[in-house]
Amino acid sequence: MTDTPENRVTVSERAAKRIAKILSNEAEGSMLRVSVEGGGCSGLQYKYDVVESNEDDDFVIENPGAIVLIDTVSLQYMEGSEIDFVDDLIGQSFQINNPNAVAGCGCGTSFTI
């Protein structure tokens, strides 16, 4: 899929470093797939999987050592988002700053559009 301003999803430097660290412990060529599925407190939730291959229509974000894949259906919900990694007093987690979300749960893993 072509990267355009309308569908751009970015990965923060912190998230790229953490993804690279995670993938360094996986099989050569592994990538992180981020998807959106039904569920969670608010109706939609993010899912993270380590995969070894991509689909032809995946949106691909490449950083040194950290490749992120997003399928076309999930991309509709994530347009304009930034994938970040937060390390604070309550723990470590990936957080997606999604401008399309109108509500979310307290833990930041589910949202409503």
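Predicted model: local features only at pLDDT ≥ 70, side-chain atom pairs only at ≥ 80, totals over all residues.
Where does N98 sit? N98 belongs to the loop between β7 (91–97) and β8 (103–104). Is N98 buried or exposed? N98 counts as buried, because its relative accessible area is 11% and the cut-off for buried is under 20%. G80 is 18 residues from N98 in sequence, yet the two C-alpha atoms are 6.8 Å apart in space.

## Overall fold

The protein chain has two helices and nine strands. The chain holds 113 residues, and 36% of them count as buried. Its accessible surface comes to about 6500 Å². Carbon and sulfur atoms account for 48% of that surface.

How much of the contact set links residues 24 or more positions apart? Among contacts in the chain with a separation of 6 or more, such residues account for 51%.

Strand β5 covers residues 66–70. Four of its five residues are buried, so the strand is mostly covered. In a regular strand the side chains alternate between the two faces of the sheet.

Which strands pair with β5? One is β2, in the parallel sense, over two bridges. Here L32 has V68 of β5 as its bridge partner. Another is β4 (residues 59–63), in the antiparallel sense, over five bridges. On that side, N63 is bridged to A66 of β5.

β4 and β5 form a hairpin with two residues between the strands. What phi does G65 take in this hairpin? G65 has a positive phi, near 80°.

## Aromatic cluster

How many aromatic pairs does a search of the whole structure find? The search gives two. One of them joins F85 and F94, in an edge-to-face arrangement. Their ring centres are 5.2 Å apart, with 65° between the planes. That angle counts as edge-to-face because the cut-off is over 60 degrees.

F85 and F94 are both buried. Ring pairs also bring in Y48: together Y48, F85 and F94 make up a cluster.

## An exposed loop residue

E28 lies in the loop between α1 (13–24) and β2 (31–38). Is E28 buried or exposed? E28 counts as exposed, because its relative accessibility is 80% and the cut-off for exposed is over 50%. E52 is 24 residues away from E28 along the chain. The C-alpha atoms of E28 and E52 are separated by 8.1 Å.

Notes. Residues numbered from 1 in each chain as written. Heavy atoms only, no water. Phe/Tyr/Trp six-rings, centres within 6.5 Å; stacked < 30°, edge-to-face > 60°. Buried < 20%, exposed > 50% of the residue type's maximum accessible area, 1.4 Å probe, protein only. Contact = heavy atoms within 4.5 Å. Areas by Shrake-Rupley, 256 points an atom, 1.4 Å probe, with all protein chains shown as cover. Pairing = 2+ DSSP bridges.
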